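Hi,

Here is the model I promised to pass on.

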Amino acid sequence: MNNFQQWGETLRLLVELAGTTAFALSGVLEGARKRLDAVGICVVGFLAAFGGGTLRDLLLDQRPFFWVRHVEMLWGVLLICALSMLFLRSHHFEATQKHIAVPDALGLGLFAASGVHQALAADMPALVVVLMGVITGVFGGVLRDIVCNEIPTTLRDHQPYAVCAFAGGWAYLGVWELGAPGWAAMLTCLGVTAGLRGLALWRKWQLPVWLA
Amino acid sequence: MNNFQQWGETLRLLVELAGTTAFALSGVLEGARKRLDAVGICVVGFLAAFGGGTLRDLLLDQRPFFWVRHVEMLWGVLLICALSMLFLRSHHFEATQKHIAVPDALGLGLFAASGVHQALAADMPALVVVLMGVITGVFGGVLRDIVCNEIPTTLRDHQPYAVCAFAGGWAYLGVWELGAPGWAAMLTCLGVTAGLRGLALWRKWQLPVWLA
Amino acid sequence: MNNFQQWGETLRLLVELAGTTAFALSGVLEGARKRLDAVGICVVGFLAAFGGGTLRDLLLDQRPFFWVRHVEMLWGVLLICALSMLFLRSHHFEATQKHIAVPDALGLGLFAASGVHQALAADMPALVVVLMGVITGVFGGVLRDIVCNEIPTTLRDHQPYAVCAFAGGWAYLGVWELGAPGWAAMLTCLGVTAGLRGLALWRKWQLPVWLA
């Protein structure tokens with residue numbers, strides 16, 4: 001079991017890095033599309049990559065923040081921003097949502113899992129635990145869009161996004177209540193969230209709209 | 001007196017619920033008007049209902065948050081969002097500001113009172129106490145409008161709104177300084193705030209504008 | 001040395017007041033340009049003046065907030081808002097960015113220095129210290145622009161702004177590592193930040209843009 005445990009830990013770290021990278025990239029692409037300058041692009045990249053986790057830590061009152069404990073993540077995102085700007089400039093890369101859909105879905109799933117995990121550790125009630133997963137997964141993108149003066153895509157594009165993290169959070173809780181180890185619950189949450197998001201994009205699921 | 005005390009407590013809970021309901025509804029209506037999807041509407045409803053109180057607790061460093069202590073409020077707002085979306089869909093309801101003016105004014109008054117109350121309990125200086133009341137009353141609506149990519153109505157519609165909560169906060173402090181019990185101060189704050197807001201809407205009071 | 005120390009302390013207080021004043025003015029001017037009402041203008045002034053320092057205290061978990069310890073600053077900003085609105089109204093003053101460039105650059109430098117100072121005192125790693133300086137210097141203006149429904153000028157106007165604070169933060173750390181007293185490090189940070197910003201405006205430096 002110890003082996004599995006460790007494998008789970010390594011997996012978590014890997015996907016966390018992938019998620020942060022994906023969100024940073026989504027911020028850079030959004031900033032570039034809005035014709036921000038180099039500094040603005042870095043800022044949007046940082047907000048997208050660290051917004052969700054920082055709000056999670058703030059709401060759960062957990063200090064120091066995860067990016068204070070792992071400063072190398074700050075350096076990494078700075079590097080990602082610099083490299084992707086160089087790449088954008090030299091390749092006349094046409095940034096589209098499609099390019100970031102896969103890592104974005106993975107990132108959503110992982111950040112949701114980490115939010116649920118931390119809220120559980122802080123002994124929150126079930127609904128708060130799940131909402132904390134949703135907030136952690138979604139807030140980085142919301143912040144990115146607010147700073148770029150857009151209605152957040154999450155709220156507007158009519159494809160399930162936050163609701164995938166909501167389902168994933170309940171799946172985490174369900175598996176956890178059954179007595180499964182933490183890494184299994186995390187994997188379930190990641191699988192359900194990213195899987196639903198993938199299905200939603202593939203089958204072009206639409207959420208209902210209201211006209212008032 | 002004990003009877004009065006209890007009556008005050010019950011009143012406070014009732015109006016707090018009414019205020020949360022009113023702000024949740026205002027978020028749902030705003031989201032529907034912006035043609036957000038079902039999830040987006042719920043998010044805006046939650047932000048409007050819980051934004052002010054969460055910022056109050058965050059600024060005053062009070063943990064756990066009120067919606068962690070009273071999870072049933074989260075479930076309630078979820079239910080309100082679902083029901084009002086069903087209603088909007090089936091009744092082709094034309095959402096107008098007028099429909100929410102009364103509960104909105106009550107909500108503003110109550111949240112202002114609760115902000116002042118908590119800031120007083122945390123031993124803040126007078127001006128901070130009053131501003132905390134204003135922030136608690138106003139921030140939910142501000143967040144709702146920012147997420148919907150609008151200049152917050154509070155700042156723009158030229159009818160007194162925040163300033164009513166400002167007056168109500170000073171009224172609370174005044175009554176409190178005179179040695180009146182807490183529920184009397186709260187009622188005064190609620191009455192002054194909601195009353196001024198009602199008068200402002202009824203008499204169409206306008207705040208001065210500046211052209212620069 | 002004690003004399004110098006005290007001189008540094010007084011200087012810090014003076015520039016801090018100047019910085020807060022400058023940011024409050026920038027908020028009032030922005031609010032007036034957006035045709036907000038009197039209350040909206042005050043709100044934007046407060047957000048610009050206190051946003052950066054409040055986020056700094058929140059992220060570093062420092063309570064009470066600086067505007068709770070120094071309530072007279074709240075009264076001061078209220079007074080500034082009232083006076084500048086009277087002035088705007090009576091003088092038909094055409095608000096331009098140029099009028100606030102000098103105090104704004106000073107404010108950026110000082111708030112950056114104060115952010116770096118507090119983060120150092122809280123034992124943060126180097127990159128976090130510098131970023132905290134940038135956040136403290138920049139966030140007030142970002143909040144001002146978000147509330148006014150604009151992409152923050154910092155991100156968009158292609159003239160170095162946040163990056164000046166970034167350089168200033170590293171300069172602070174460098175001087176500090178060399179064993180210089182705190183006031184010297186603060187002055188260096190202020191000088192580098194405000195100097196670079198001034199140079200950038202004077203020589204019309206442009207940051208590169210990306211088209212995606």
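To start with one residue: in which helix is G52(C) found? G52(C) is in helix α2 of chain C, residues 38-59 (helices here are DSSP runs of H or I with at least four residues, strands are runs of E with at least two, and both are numbered from the N terminus).

Before going on, some housekeeping. This is a predicted model, where local features need pLDDT of at least 70 and side-chain atom pairs count only at pLDDT 80 or more, while totals for chains, interfaces and linings use all residues. Residues are numbered from 1 along each chain as its sequence is written, and chains are lettered from A and ligands numbered from 1 in the order in which they are written.

Back to G52(C). Is G52(C) buried or exposed? G52(C) is buried, with 29 other C-beta atoms within 10 Å (buried takes 20 or more other C-beta atoms within 10 Å of the residue's own, exposed 12 or fewer, and partly exposed is in between; C-beta atoms are placed from the backbone). Setting aside neighbours within four places in sequence, G52(C) is in contact with F111(C), I135(C), T136(C), G137(C), V138(C), F139(C) and G140(C). "In contact" is used when two C-beta atoms, placed from the backbone, lie within 7 Å. M132(C) is 80 residues from G52(C) in sequence, and the two are 9.7 Å apart in space, C-alpha to C-alpha.

Now the chains. Two copies of a chain are related by a rotation about an axis and a shift along it. Here a rotation of 120 degrees with 0.0 Å of shift along its axis superposes chain A on chain B, with RMSD 0.0 Å. That is the relation of a three-fold axis. (Copies are superposed by least squares on the C-alpha atoms of residues with pLDDT of at least 70 in both.) Chain A also superposes on chain C by a rotation of 120 degrees with 0.0 Å of shift along its axis, again with RMSD 0.0 Å. In chain A, the C-alpha nearest the axis is that of N149(A), 3.9 Å from it.

What does chain A use to touch chain B? There, 22 residues of chain A are in contact with 27 residues of chain B. On the chain A side, α6, α7 (153-156) and α8 (162-177) each supply at least two residues, and α6(A) gives the most, with four. By class, that side has 17 nonpolar, two polar and three charged residues (nonpolar means Ala, Val, Leu, Ile, Met, Phe, Trp, Tyr, Cys and Pro; charged means Asp, Glu, Lys and Arg; the others, Gly among them, are polar).

The contact between chains A and C takes 27 residues from chain A and 22 residues from chain C. In chain A, α1 (2-33), α2 (38-59), α4 (71-91) and α6 (126-147) each supply at least two residues of the side that touches chain C. The largest share of that side, six residues, comes from α4(A). Its residues divide into 18 nonpolar, two polar and seven charged. Only 9% of the interface residues of chain A are also interface residues in chain B, so the copies meet through different surfaces.

A closer look at α6(A): α6(A) and helix α4 of chain B (residues 71-91) pack at an angle of about 65 degrees, with their axes 9 Å apart (axes are lines fitted to C-alpha atoms, for helices over the stretch in contact, and angles run from 0 to 180 degrees between N-to-C directions). L127(A), V128(A) and L131(A) in α6(A) meet V71(B), L74(B) and W75(B) in α4(B). That contact has six nonpolar, no polar and no charged residues.

Most residues other than glycine have a negative phi, and most peptide bonds are trans. The bond from R63(A) to P64(A), however, is cis, with omega near -10 degrees, and P64(A) is in the loop between α2 and α3 (66-69) of chain A. D61(A), in the loop between α2 and α3 of chain A, is not a glycine but has a positive phi of about 60 degrees. D61(A) is partly exposed, with 13 other C-beta atoms within 10 Å. D123(A) is not a glycine either, and has a positive phi of about 65 degrees.

Cheers
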